[in-house]
Amino acid sequence: MPLTKPISSKPLLSVIDLECIRGDNLLFSGLDFKLYEGQLMQVEGANGSGKTSLLRILAGLSLSSEGQVLWDGKDILKQRSLYFSKVAYLGHTLGVKSDLSPVENLKISLALAGFPFDETDVYRALEQTGLAGKEDVPARSLSAGQKQRVALARLLACPAKLWIMDEPFTALDASGVSLVRDLLETHLRRGGLVVLTSHQAVEVRGDVVRVNLSEDGLR
Amino acid sequence: MNLFLIGSGFTKALLPDAPLNSDLLPRLCENRANTGCREVLDSYKINDIEISLTKLDIDKASNRDKADDLKSLRNRVENELAKSSNNYLMLKTLYL
């Protein structure tokens, strides 16, 4: 059932008058939105409208040409270490190293992000994403959908509050799509936030808001 | 003058006789016993130094009891790697 009110009255993620220029192209400008605990935002728009650019700005991986991104009321650029500990980014390229096993991929990601981890949690995350029995094989032997599941397990294993996901349903079969939906709903119920792009309508139970860069991107 | 070297072939461009990543660890172990590189190669049995050191870092993060020993091992490997670069002559002319 959709939530009618945010769990928290104070937005955790705020975007103020954001503008993105790539090369000579203005992708979007004047973009404002707020996201509260337990909310999911689906970013829509035509190809080339700046969806991935927006996600990278929100993840702190790219800079905007104008505007601000605030986390808990403070500019993310002024609290990068703290902000990066709150964010998990799942991009087009999954960041799954093919020479390492799923377990090793999760461990190195968590170690690099500075999250202490428990071996049990790593195996549990892989089991939850349907990779039981595949934990210790080289990732190169996995299918595209299974690699996507490794990346999803990484989200589960880390304690990030904000998930930023670029086309998370890509390459997944029906059970994979259902899995992502379950993971998202659980994350939202726990007060997590999600920003994602998807060409499909996102059928997730919870407080889902949408922004369309082609229409609201205000070019 | 600023010089930027970007892309694959970096090592060979500067040090034509140096081994590539995939052969580096066994070359560093040649005719040497009790080295950090030998210990890493024997532990992981992977020639690629990048992958071997990544696995070492994973073990370091996973085994808090052994973290200091593994950190020391990594430092030894890095020192051996740095010393090995002296064995190869750098090209005086860089072809672009």
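Modeller: Two strands are said to pair if DSSP finds at least two bridges between them, and the strands themselves (E, at least two residues), like the helices (H or I, at least four), are DSSP runs numbered from the N terminus. This is a predicted model, in which local features need pLDDT of at least 70 and side-chain atom pairs count only at pLDDT 80 or more, whereas totals for chains, interfaces and linings use all residues. Residues are numbered from 1 along each chain as its sequence is written, chains are lettered from A and ligands numbered from 1 in the order in which they are written, and side-chain values use heavy atoms, with hydrogens and water left out.

Colleague: What is the order of the five strands in the open sheet of chain A?

Modeller: The order is 6-7-8-3-9, and the pairing is parallel. Strand 6 (87-90) and strand 9 (207-212) of chain A are called edge strands, each pairing on one side only. From one strand to the next the twist averages 15°, an angle between N-to-C directions on a scale from 0 to 180 degrees, with axes fitted as lines to C-alpha atoms and, for helices, over the stretch in contact.

Colleague: How do you know that strand 7 and strand 8 of chain A pair?

Modeller: Strand 7 (residues 162-166) and strand 8 (residues 193-197) of chain A share five bridges in the parallel sense, and at least two are asked for, so they count as paired. One bridge sets A:Met165 against A:Leu196 of strand 8 of chain A. Helix 1 of chain A packs on this sheet, touching strand 3 (39-44), strand 6, strand 7 and strand 8 of chain A, at about 155° to strand 7; contact here means heavy atoms within 4.5 Å. Helix 5 (residues 144-157) of chain A also packs on the sheet, touching strand 6 and strand 7 of chain A, and its direction makes about 175° with that of strand 6.

Colleague: What makes strand 2 and strand 5 of chain A edges?

Modeller: They belong to an open sheet of four strands in chain A, with the order 2-1-4-5 and antiparallel pairing. Strand 2 (25-35) and strand 5 (74-75) of chain A each have a single partner strand, so one side of each is left without a neighbour in the sheet. Helix 1 (residues 51-58) of chain A packs on this sheet, touching strand 1 (13-22), strand 2 and strand 4 of chain A, and makes about 125° with strand 1.

Colleague: Why is A:Tyr83 with A:Phe84 called a tilted pair?

Modeller: The centres of A:Tyr83 and A:Phe84 are 6.4 Å apart, with 45° between the planes. Rings of Phe, Tyr and Trp (its six-membered ring) pair if their centres lie within 6.5 Å, and planes under 30 degrees apart count as stacked, over 60 as edge-to-face and the rest as tilted, so the label is tilted. A:Trp71, A:Tyr83 and A:Phe84 form one aromatic cluster.

Colleague: Is A:Tyr83 buried or exposed?

Modeller: A:Tyr83 has a relative accessibility of 1% and is therefore buried, since buried means under 20% relative accessible area, exposed over 50% and partly exposed in between (1.4 Å probe, protein chains only). A:Phe84, at 35%, counts as partly exposed.

Colleague: How do helix 2 and helix 4 of chain B stand to each other, parallel or perpendicular?

Modeller: They pack at an angle of about 75°, with their axes 7 Å apart. Angles under 35 degrees count as roughly parallel, over 145 as roughly antiparallel, 65 to 115 as roughly perpendicular and the rest as oblique, and helix 2 and helix 4 of chain B are therefore roughly perpendicular.

Colleague: What is the crossing angle of helix 3 of chain A and helix 4 of chain B?

Modeller: The axes of helix 3 (residues 102-113) of chain A and helix 4 (residues 49-62) of chain B cross at roughly 70° and come within 9 Å, which makes these two helices roughly perpendicular as well. A:Ile108 and B:Ile58 are among the residues that make the contact. By class, the contact has four nonpolar, two polar and four charged residues; Ala, Val, Leu, Ile, Met, Phe, Trp, Tyr, Cys and Pro count as nonpolar, Asp, Glu, Lys and Arg as charged, and the others, Gly among them, as polar.
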